[in-house]
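Reader: I would like to go through this model term by term and ask what each label rests on. Please set the values against the definitions.

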Amino acid sequence: MSNLVSFVLALLLGIGMGLIYFGGLWLTVSKLPNTRNPVLLSIVSFFGRIGFVALGFYLVMVKVQYAPIHLLACLLTFFGIRNLLVQRLKPNQF
């Protein structure tokens, strides 16, 4: 696989993982007041999101031959999505 294609795939994977992780976090926090067992929801959501993201970063490290550059790109887009979601969802100001 060419370096450019694998770099673009790493960026797309970072975007997807960021959307799933931070979007899932937002959904979990929004559902907490209405759920019957908030502790179970929090724990299951946390481990599900962490497992998904760990698998994604593992795939970037193992499947790409220039892993440090691709891993950094994946990580930066992952946290870039976090910043976009924070701006878009506008948390309540106290």
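Reader: Which helices supply at least two residues each to the lining of the largest pocket?

Author: Helices α1 and α3 each supply at least two lining residues. Helices here are DSSP runs of H or I with at least four residues, strands are runs of E with at least two, and both are numbered from the N terminus. The model is predicted: local features need pLDDT of at least 70, side-chain atom pairs count only at pLDDT 80 or more, and totals for chains, interfaces and linings use all residues. Residues are numbered from 1 along each chain as its sequence is written, and side-chain values use heavy atoms, with hydrogens and water left out.

Reader: What makes a space a pocket and not a cavity?

Author: Both are sets of points on a 1 Å grid over the protein atoms alone; in a cavity a 1.4 Å probe fits but cannot get out, whereas a pocket is an open set with protein on both sides within 12 Å along at least five of seven lines. Lining residues have an atom within 4 Å of a point. The largest pocket has a volume of about 260 Å³, where volume is the space filled by probe spheres set on the points, and grid points are joined across faces, edges and corners. Of its 10 lining residues, the closest to the centre are Phe 22, Leu 25, Trp 26, Val 86 and Leu 89.

Reader: Why is the chain called more spread out than a compact globule?

Author: The chain has three helices and zero strands. Its radius of gyration is 15 Å, well over the 12 Å that the globule rule gives for 94 residues, so the chain is more spread out than a compact globule. That radius is taken over C-alpha atoms, and the rule is 2.2 Å times the number of residues to the power 0.38. Along its principal axes the C-alpha trace spans about 50 × 30 × 15 Å.

Reader: Why is Arg 49 called buried?

Author: Buried means under 20% relative accessible area, exposed over 50%, and partly exposed in between (1.4 Å probe, protein chains only). Arg 49 has 9% relative accessibility, so Arg 49 counts as buried. Arg 49 sits in helix α2 and, not counting residues up to four places away in sequence, touches Ile 20, Tyr 21, Gly 24 and Leu 25. Contact means heavy atoms within 4.5 Å. Of the 94 residues of the chain, 27% count as buried.

Reader: What makes Phe 52 count as buried, partly exposed or exposed?

Author: Phe 52 has 35% relative accessibility and therefore counts as partly exposed. This residue of helix α2 touches Met 17 and Ile 20, leaving out residues up to four places away in sequence.

Reader: Which class does Asn 3 fall into, buried, partly exposed or exposed?

Author: At 39% relative accessibility, Asn 3 counts as partly exposed. Asn 3 belongs to helix α1 and is in contact with Tyr 66 and His 70, neighbours within four places in sequence left aside.

Reader: How do you know that Ile 81 is buried, and which residues does Ile 81 touch?

Author: Its relative accessible area is 10%, so Ile 81 is buried. Ile 81 lies in helix α3 and touches Ile 15, Gly 18 and Leu 19, not counting residues up to four places away in sequence.

Reader: What makes a set of residues a nonpolar core?

Author: The members are buried Ala, Val, Leu, Ile, Met, Phe, Trp, Tyr and Cys residues joined through side-chain atoms within 4.5 Å. The largest such core has 11 residues, among them Ala 10, Val 53 and Ile 81. Helices α1 (3-31), α2 (38-63) and α3 (67-89) give two or more residues to this core.
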